[in-house]
Amino acid sequence: MEKPRIGVYVCWCGTNIAKMVDVEAVADEIGRLPNVVISKNYKYMCSDPGQDLIVKDIKEHQLNRVVVSACSPRIHELTFRKALEKAGLNPYLFEMANIREQDSWVHTDRAEATKKAKSLVAAAVNRVNFHEPLDARTVDINPSTLIIGGGIAGMTAALEIANAGKTVYLVEKSKDLGGNAAKLDLTFPYLTSAQQLMKPLIKSVKSNKNIILFLGTEVKEIFGYIGNFETTVKDEGKDTKLNFGNIIVATGLRPSNAAKIANYGYGKIPDVITSLEFEEMLNKGKIAKKDGSEPKNVAIIHCVGSRNKDYHEYCSRTCCLTALKYANQLRAALPTTNIYELYADMRAMGKGCEELYAATSRQHVMFMMFDQQNDLPKIKQAKGKDYSMLIELNEKLSGEAIEVPADMVILMNGMEAHENAKEIAHAVGISMCGNSFYIEKHPKLDPVATTTNGVYIVGGCQGPKDIPDSVSQARAAAARIMGIMAKGSVTVEVTTACVNEDICCGCQTCIKVCPYTAISFNDEKKVSVVNEILCKGCGTCGSACPTGAIRSRHFTDQQIISQIEGLMSMSLSLEMQLEQQEV
Amino acid sequence: MSQRVDPTLVLEIEKFGKGTWNECFHCGNCTAVCPLTEQGFLFPRKGYRALQMGLKDTITSSVEPWLCYYCGDCSSTCPRDANPGETMMILRRYLTSVYDWTGLSKKFYTSHFWEFFAIIFIGIITIFLLLFANTAGIITTLTADGGVMLDKMFPHDLIEKGDWTMAVIVAGLLITNIMRMWWKTVVKDKTVKVKFFSYFTEAWNLVVHFATQVKFNKCEGKNYWLWHWLLMSGYVLMFTMIVVYLPWFQTDKIYNWYEPQRILGYYATFGLMFGLVAVFIGRFKKNNEKFKFSHITDWLFIIMLILTTITGILVHIFRINGMVAATYYSYIIHLAILVPMIMIEVPFSKWSHLAYRPFAVYFAAIKKASKK
């Protein structure tokens, strides 16, 4: 290996760093370290002149390692890696020391902060000595896509991709397309027909020659990685092998079990029904009690099984608006019936939704508020004119204990993940939150991708949501996939783990700890093998390996130990300097 | 014991004045700005909520609507334009009908036909009774000091009999209704057990608040207390003089300006006219929250009282100037407006607040004293 020639650049970040850290002193001190050829400070390293400074120095001084001490690598590591590439150096021969977030921003003593900056930069310098050039790798993308789930999100994504001329395998567990949205009568907030949305959609999915449908089929296991996935599905009794480059998970959600809440007596009291059961009535065009007669007092209870630590803590998002929709439909169908909305908090956010709430409140609907955390209403059977139940509750806005007569109660039961959510998660290699909803790559900036490249989550499987949000996500995922397809190939992570087969004892500990199912066992050689495309370079296997056979690229033991040594030795030498001064 | 909600109560109360009750989202600003609300007697939001939910017992057992003098701060502060002040007004009308055992109050409040029919009917009866009392016909002879012999045409002993009959009927109705108010707001209120002695220790409230309406002064609107008090004192003074002291007040003698008959009469007239004109202009221009909404009964009350006052002034002018026929007819018209106004407005309608409001203050004081 050629002798390292390191260039160090200490950034002021305007006054962000310079105000609290003596950047000149840092650059001077670091300049004395072995292998450091030049050490400079500059006002804005990330600016074009700052980057040009690095490029120029690499060429002039034949630098082969670069350290920039500035902000967090999350912000500018890529910027400087590109500068290295521009100068003809491998971008991994670079290290960043964070002296802003981890130093100048969080300290108030300038001398101490400067000392810390010296230590941090020294650590980076020590580490960069051992950096190795790593080469980026690309994989080709299979232009077919697998979509799991034939609800509104899955179908929308399928059409989007199929209409661009690419093949889609659409796998649906049930015998019919449409999912939950197909069971609805009207949609909120504009009270338009769900069937008018769904029927043409289903028809175009079925007639699209680029969409290959597998109804009544479940996906069990998926192998491969972005660009080259494969699975086997049962189609009309025979196994069909599918190859595809990307996956969209659109498995949706299901209504929670209302019988779990004892207070509401679902399953025991005849005219206590769930929202989907009421939706069926609306679809049939007749709102009727079990005895066939029209209800005279209809109570709608919100937040059933939602927002309560005993059931689900999250908000199911669509129930409030659905309940308001019911009030409107009830009022239209039964003008003289009393309508009661028993709610915990009215959550009518979204375009047109608050307006629906306001309009509903003018429809002679009585709204009552209860305590969802500690004091749920209780339904008791009773006999009386036009009612068969009395709902007892402590109404929060009036502070009164009241009873509501009802002969029909609609429970707005919340939505929850499917019982087999975990199996799907395992099959596609994505993770779930505590509520069994799939986790997106970034909750704000990357909401449809997952940490597994090539796998996207759309619609209700990611969390309860309404039709517009599901459709937006579906189209977003489709657009992402088509972007990758258009490129034809994708760069994959290079900071992966690799196994030294001579040292591996075949204990398979690494296989158990790998969160990305990226390691498999080679039975012939009796050693672990890392699939470098699935590997994210998290390092879990490396730290678990008892023999030290696994090496994490760019995070080798040598690199990390030298980084620690650099940190400690600088701290030590600074202390010694200080003592000498005092003497 | 839980109270049953009743979605139809809103429809019932809506007949007493149209509200915007779905607008309220219970921020509580109205109660926060109200200068009269206090712990234990929170309004207007609480009453508003009871109305939305149809909690009839809560509404009928509350004195709170009567504690409100309608300064309108709540309505002008309301972020939703839900008009809490007017809602208190509507609740007062509704409660008046709830206290009234005859059921006539509800009829007068909710039906124009009943209201106008009753006024015209009582007016015609009054005219007939006056013609019956007027055995002497129109006496053209003037008194020594040049006045009309009004007391000879309509002898005060006969008119006084009529006055007292009217007063007894009105008082009987009002007293029984107050008893019902007491029953509903004090006895039936399960939140408080009233101590018997507090009826006596708190009795001063009734007298003070009837006579002064001092609480109105707490409302931050300028001068409302003053004109309201002038109107009230003028009315009460005139009522007392024409009912209790008629033989002293209605004579054929023309008094000097400094004698009490004239001074008191002029004061009462001034108080009435001042207050009435202020209210009339206010309601006409809707220049204040409290005047923004005018129910038909609000207008009728003002117009009838203005007409009564004006005809009263005319009787006085015609009489002292010896204008016989004018005095004769204006006197008949004066009473034909005055009698139905008192018979309808005092026990059944807007005027009843002169009794219910001080009693509400009294009952509230009793409840407060009993809670200590």
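1. Partly exposed refers to a relative accessible area between the buried limit of under 20% and the exposed limit of over 50%. Phe117(B) has 44% relative accessibility and therefore counts as partly exposed. The structure discussed here is a predicted model.

2. Phe117(B) belongs to helix 9 (residues 112–133) of chain B. A nonpolar surface patch of about 640 Å² includes Phe117(B) together with Phe113(B), Trp114(B), Phe121(B), Ile125(B) and Leu129(B).

3. In chain B, helix 17 (residues 296–320) and helix 18 (residues 324–348) cross at roughly 150 degrees, their axes coming within 8 Å. The two helices of chain B are therefore roughly antiparallel. The crossing of helix 17 and helix 18 of chain B is left-handed.

4. Over all chains, the whole structure holds 39 salt bridges. One of them joins the side chains of Lys118(A) and Glu29(A), at 3.7 Å from N to O. This pair links helix 5 (residues 110–128) of chain A, where Lys118(A) lies, to helix 1 (residues 23–31) of chain A, which holds Glu29(A); the two residues are 89 residues apart. Lys118(A) is buried, at 12% relative accessibility, and Glu29(A) is buried at 9%.

5. Lys40(A) and Asp57(A) form a salt bridge with an N to O distance of 2.9 Å. Lys40(A) is in strand 2 (residues 36–42) of chain A and Asp57(A) in helix 2 (residues 48–61) of chain A, so the bridge ties together parts 17 residues apart in sequence. Asp57(A) is buried at 1% relative accessibility, whereas Lys40(A) is partly exposed at 26%.

6. The salt bridge between Asp239(A) and Lys234(A) has its closest N and O atoms 3.1 Å apart. Asp239(A) and Lys234(A) are both exposed.

How values were computed. Residues are numbered from 1 along each chain as its sequence is written. Chains are lettered from A and ligands numbered from 1 in the order in which they are written. This is a predicted model: local features need pLDDT of at least 70, side-chain atom pairs count only at pLDDT 80 or more; totals for chains, interfaces and linings use all residues. Side-chain values use heavy atoms; hydrogens and water are left out. Patches are made of residues with over 30% relative accessible area and no salt bridge: like charges are joined within 9 Å, nonpolar side chains (Val, Leu, Ile, Met, Phe, Trp, Tyr) within 5 Å. Accessible areas come from the Shrake-Rupley method with a 1.4 Å probe; for residues, only the protein chains shown count as cover. A salt bridge is a side-chain nitrogen of Lys or Arg within 4 Å of a carboxyl oxygen of Asp or Glu. Helices (H or I, at least four residues) and strands (E, at least two) are DSSP runs, numbered from the N terminus. Buried means under 20% relative accessible area, exposed over 50%, partly exposed in between (1.4 Å probe, protein chains only). Axes are lines fitted to C-alpha atoms, for helices over the stretch in contact, and angles run from 0 to 180 degrees between N-to-C directions. Angles under 35 degrees count as roughly parallel, over 145 as roughly antiparallel, 65 to 115 as roughly perpendicular and the rest as oblique. A crossing is left-handed if the near helix is turned anticlockwise from the far one by less than a right angle, and right-handed if clockwise.
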